[in-house]
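Subject: Structure for you to look through

Hello,

Please find the structure below, with notes on what was found in it. Please read the notes with the structure open beside them.

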Amino acid sequence: LPLPGVTINYRHGLPVITLTLPTRSERCWFTVKPMVTTVGAFLQDVQKEDKGIERAEVFATDGSKVSDATLMEILLMNDFKLVINNTAYSVSPPVKDKLSSEHATEMEDIKSLVHRLFVALHLEDHQIKKERELLQKLDHLKEELLPLEQMKARITHSADAKTSRLLWVGLALMSTQGGALAWLTWWVYSWDIMEPVTYFITYGSAMAFYAYFVLTKQDYIYPDAKDRQFLHYFYRKSKTQHFNVERYNKLKEDLAEAEESLRRLRQPLHLRLPIQEINDKD
């Protein structure tokens, strides 16, 4: 029959397993770290404490053997059997929900301390490594963008020049039209004859602006019309120059995203690094 003799209590938020050593016939308690200690490590500690222990194993309540690699935190969630030599002990760990609020608070304090220690020891190295990766990515993106930026500058200059020429041509045509109407009105015909002509010219212009709206779904506003014509010349020139606009836009988006990530990363990073190292990086 299973013999009692193994008890589990919590002290300072950690489980303390108390059992009777078979050879020395005395009670001995073992403090375990449930999130770190494995079942195998616990059994080794028990065997080291009493050299007369030849067999130490842990079984679940259904009789299956618990692996030595299982964490004590998992083991202490349910009842189990501890077999030492030929003696089996039934163990019922206390339910965590029934622990005192003081023990629960101490456990949370320990977890918070471990988290702060991990951050203090590893976060800075991680940030420095991440910063180097972002800097390498920025260099690679800028290297890919350099020839595209040069080609885009040439195409932009050409498209802008064509757009400007078109605007000046439009101004010249309007001036010519005004001069022709004035000449026909005062020197060739009278206003009675030219009035219907100017009316139909005005009406035709209104139809042209309406057609522009129907085709583009935009009002005919001079800055917008100029930008639309510029884009028309730009994309037409891009095709002849084999300039990949989609690839260029994707690289620009990746570059902006990398620069923003580096900016967010460097805010806490500059607060943690020594001044000399920051100056070296700048």
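Helices (H or I, at least four residues) and strands (E, at least two) are DSSP runs, numbered from the N terminus. Glu26, for instance, is found in strand β3, which covers residues 26–31.

Two remarks on how to read the values. This is a predicted model, in which local features need pLDDT of at least 70 and side-chain atom pairs count only at pLDDT 80 or more, while totals for chains, interfaces and linings use all residues. Residues are numbered from 1 along each chain as its sequence is written, and side-chain values use heavy atoms, with hydrogens and water left out.

Overall picture

The protein has seven helices and six strands. In sequence order they follow the pattern β-β-β-α-β-α-β-β-α-α-α-α-α. Of its 282 residues, 26% count as buried; buried means under 20% relative accessible area, exposed over 50%, and partly exposed in between (1.4 Å probe, protein chains only). The accessible surface comes to about 19,900 Å², and carbon and sulfur atoms hold 58% of that. Accessible areas come from the Shrake-Rupley method with a 1.4 Å probe, and for residues only the protein chains shown count as cover.

A contact means heavy atoms within 4.5 Å. Among contacts with a separation of 6 or more, 59% are between residues 24 or more positions apart.

Confidence

The pLDDT is the predictor's confidence in each residue, from 0 to 100. The protein averages 79, and 82% of the residues score at least 70. Where is confidence lowest, and where is it highest? Helix α7 (residues 275–281) is lowest, at a mean of 44, and β4 is highest, at 89. Over residues 271–282 the pLDDT is below 50, and this stretch has 14 contacts in the model beyond near neighbours in sequence. Where pLDDT is low, the predicted coordinates should not be read in detail.

Asn9 sits in strand β1 (residues 7–11). Its relative accessible area is 41%, so Asn9 is partly exposed. Leaving out residues up to four places away in sequence, Asn9 touches Leu14, Pro15 and Val16. Asn9 and Thr31 are 22 residues apart in sequence, and their C-alpha atoms are 9.6 Å apart in space.

With residues up to four places away in sequence not counted, Glu26 touches Leu19, Thr20 and Leu21.

Asp50 lies in the loop between α1 (39–49) and β4 (56–60). Is Asp50 buried or exposed? Asp50 has 2% relative accessibility and therefore counts as buried. Apart from residues up to four places away in sequence, Asp50 touches Leu21, Pro22, Thr23 and Arg24.

Further along, Asn85 is found in the loop between β5 (80–84) and β6 (87–91). The phi of Asn85 is near 55°, a positive value in a residue other than glycine.

A nonpolar patch

Trp183, Trp186, Trp187, Val188, Tyr189 and Ile193 form a nonpolar patch on the surface, with about 780 Å² of accessible area together. Patches are made of residues with over 30% relative accessible area and no salt bridge; like charges are joined within 9 Å, and nonpolar side chains (Val, Leu, Ile, Met, Phe, Trp, Tyr) within 5 Å. A salt bridge is a side-chain nitrogen of Lys or Arg within 4 Å of a carboxyl oxygen of Asp or Glu. Helix α3 (residues 101–188) gives the largest share of the patch, four residues. Val188 lies in this helix, and Val188 is partly exposed because its relative accessible area is 38%.

The expected span of a helix is 1.5 Å times one less than its number of residues. Helix α4 (residues 191–216) has 26 residues and should therefore span 38 Å; its end C-alpha atoms are 37 Å apart, which agrees. The buried residues of α4 are Met194, Thr198, Tyr212 and Thr216. Lys217 follows α4 and has a positive phi, near 60°.

Helix α5 (residues 222–241) has 20 residues and should therefore span 28 Å; its end C-alpha atoms are 28 Å apart, which agrees. In α5, Ala225, Phe230, Tyr233, Phe234 and Ser238 are buried. An α-helix has 3.6 residues a turn, so residues three or four places apart point the same way.

Just after α5, His242 takes a positive phi of about 60°. His242 lies in the loop between α5 and α6 (245–272). With 72% relative accessibility, His242 counts as exposed.

Regards
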